[in-house]
Amino acid sequence: MEMEMTDVHVSQQNTSCVLQRNKCRKHQGNCPNPWILNLQVHDFLHRLPGELQRTVITEAVVPQPKCIKHLFGHCYNPWECRAGAHTEESPTLFDSDMAPCTPSTCYTSRCQLIHSEGYRAFFQHNVFVFKSRHCTLRRPSFHTNSENVRGWFRSLDHMSKLERDYRATRLLDFIDAPECKGQGSLEFQIKISQFDEGSYDHDCVDQYRYTIRHLVFTLDSEERPVSSLAFRHTWAWALTVDWNTLPNLETLVLDLRGYSYRQLQDPELPQELYDEQLERGAKRMECLELKSLIIYGLCSGPEYWDKIQHRRAMETLFQPALGKWGKLELRDEEYLVDW
């Protein structure tokens, strides 16, 4: 991340606080909440009780979450919707067109108090959005026996690891990619070495990444038919997260549309391949105590839409991941549109 440093005069009342200002590439110093960068506000912040300090810093550092329906292209009245932001932002290294994955250095470089409390608040309150960026893979003709199909399907696991959202590989642990733990994928490491100039605080990331409370996983269907998701070997990549490392997780949104959209393929992949991935993933989620679990795509299309028995089976499968008062919501479409 490109940085530009500008000295800020230190007030007489806070001579022990080193003030500086780093303009991150995203905002170039024009942050959404510039009031916290004001010298007088900074001085006043240091005189507040600890709980009020945390409240003020959280308000400034944590961005407004995205509307979940908007992320999936299902928010049809954004002008009146109050479920979150609908704006698109310019992509940067660690802040794609979804939610940022680290707090803006416009804030955290201000002083040590905002830095430490800013990271803590960001990881606890931010809604992290991860989008898989998979290429379209040429698939073989499936005029073979089921074991050959199964073998081909499983042989693609290594590509799953390469094509995951590289930001997720740094912030989350995956059970099938222990080599990425604490350092991210090779793609992440390359981007760090090429573009970052010290703004990515690895120590703070490691200190707080296991405190994440809100996660959203989506599949990138831009410029490709949605039905191709069904043949992407990583349609259920989010189910391989090591959920035991996220004891504070409260909100989880999963994009499993590939499960239903395989109906558009000819020939269709065997359902048991998808059911196996689904059941294994749901079993690993039983350690969670979610307040909200939203899943897209398990009951869509002519084969699953309005099939009460199938819907109940899906609810039974994922119900154990909920806390005492948790809510499960299955969001689906009656018609599969191959746009």
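Phenylalanine 217 is buried, at 1% relative accessibility; buried means under 20% relative accessible area, exposed over 50%, and partly exposed in between, with a 1.4 Å probe and protein chains only. The model is a predicted one: local features need pLDDT of at least 70, side-chain atom pairs count only at pLDDT 80 or more, and totals for chains, interfaces and linings use all residues. Residues are numbered from 1 along each chain as its sequence is written, and side-chain values use heavy atoms, with hydrogens and water left out.

A search of the whole structure gives ten aromatic pairs. Rings of Phe, Tyr and Trp (its six-membered ring) pair if their centres lie within 6.5 Å; planes under 30 degrees apart count as stacked, over 60 as edge-to-face and the rest as tilted. Phenylalanine 122 and phenylalanine 123 form an edge-to-face pair, 5.9 Å centre to centre with 70° between the planes. Phenylalanine 122 is buried at 0% relative accessibility. Phenylalanine 123 is buried too, with a relative accessible area of 0%.

The rings of phenylalanine 217 and tryptophan 237 have centres 5.2 Å apart and planes at 85°, so this pair is edge-to-face. Phenylalanine 217 lies in strand 4 (residues 214-219), and tryptophan 237 in the loop between strand 4 and strand 5 (251-255), so the pair ties together parts 20 residues apart in sequence. Helices (H or I, at least four residues) and strands (E, at least two) are DSSP runs, numbered from the N terminus. Tryptophan 237 is buried, with a relative accessible area of 3%.

One aromatic cluster is formed by Tyr119, Phe122, Phe123, Phe128, Phe130, Phe174, Phe217 and Trp237. Arginine 164 lies over the face of phenylalanine 174, at 4.7 Å from the ring centre. A charge sits over a ring if NZ of Lys or CZ of Arg is within 6 Å of the ring centre and within 35 degrees of the ring normal.

Glutamine 53 is found in helix 2 (residues 50-61). Glutamine 53 is buried, with a relative accessible area of 13%. Residues up to four places away in sequence aside, glutamine 53 touches Leu45, His46, Leu48 and Leu113; contact means heavy atoms within 4.5 Å. Glutamine 53 and isoleucine 114 are 61 residues apart in sequence and 8.9 Å apart in space, C-alpha to C-alpha.
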